[in-house]
Amino acid sequence: VDLLLLHWACATMEETVATYRSLERFALDGKASAIGISNFNASAIDALFAAGLTVPPAVNQVGFSIGGHSESRLGRDLDTLRKCREKGI
């Protein structure tokens, strides 16, 4: 698999981290070239990184356009863009 994404954060951050750890195992076992997240906002990214990642996300897939960057809940805002740049996503 070229890229494996966690499409949404789970109901709790504990579930999100556990699910992301499964993606990390795929990457570490060579079954995925890259892993990433989708629709994560800046605070969810911070919480995920606070868990101590082994393999950081390569991408955060969000719907971001020239006129659509005011929905922070889905990571479609400037704070999330800045956070992704800060974390190398």
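The largest nonpolar core of the predicted model comprises 16 residues, and those with the most contacts inside it are Leu-6, Tyr-20, Ile-35, Ile-37, Phe-40, Ile-45 and Leu-48. A nonpolar core is here a set of buried Ala, Val, Leu, Ile, Met, Phe, Trp, Tyr and Cys residues joined through side-chain atoms within 4.5 Å; buried denotes under 20% relative accessible area, exposed over 50%, and partly exposed the range in between (1.4 Å probe, protein chains only). At least two residues of this core are supplied by each of α1 (13-28), β2 and α2 (42-50), and the largest share, 4 residues, comes from α1. Helices (H or I, at least four residues) and strands (E, at least two) are DSSP runs, numbered from the N terminus. As the model is predicted, local features need pLDDT of at least 70 and side-chain atom pairs count only at pLDDT 80 or more, whereas totals for chains, interfaces and linings use all residues. Residues are numbered from 1 along each chain as its sequence is written, and side-chain values use heavy atoms, with hydrogens and water left out.

An open sheet of 3 strands is present, with the order β1-β2-β3 and parallel pairing. β1 (3-6) and β3 (60-61) stand at the edges with a single partner strand each, so one side of each is left without a neighbour in the sheet. Pairing requires that DSSP find at least two bridges between two strands; β1 and β2 (residues 34-38) are paired in the parallel sense over 4 bridges. Within this arrangement, Leu-6 stands opposite Ile-37 of β2.

The loop between β2 and α2 contains Asn-39, which has a positive phi of about 65° although it is not a glycine. Asn-39 is also buried, with a relative accessible area of 11%. Phe-40 touches, among others, Leu-6, Trp-8, Ile-45, Leu-48, Val-62, Leu-74 and Thr-80, with residues up to four places away in sequence not counted. Contact means heavy atoms within 4.5 Å.

In helix α3 (residues 78-87), the residues Thr-80, Lys-83 and Cys-84 are buried. Viewed down the axis of α3, its buried residues fall within an arc of 100°, so they line one face of the helix; the arc is that of the directions from the helix axis to the C-beta atoms. An α-helix has 3.6 residues a turn, so residues three or four places apart point the same way. Arg-85 and Glu-86, on the other side of α3, are exposed. The cover over the buried residues of α3 includes α2, β3 and β5 (76-77). Just after α3, Gly-88 adopts a positive phi of about 75°.
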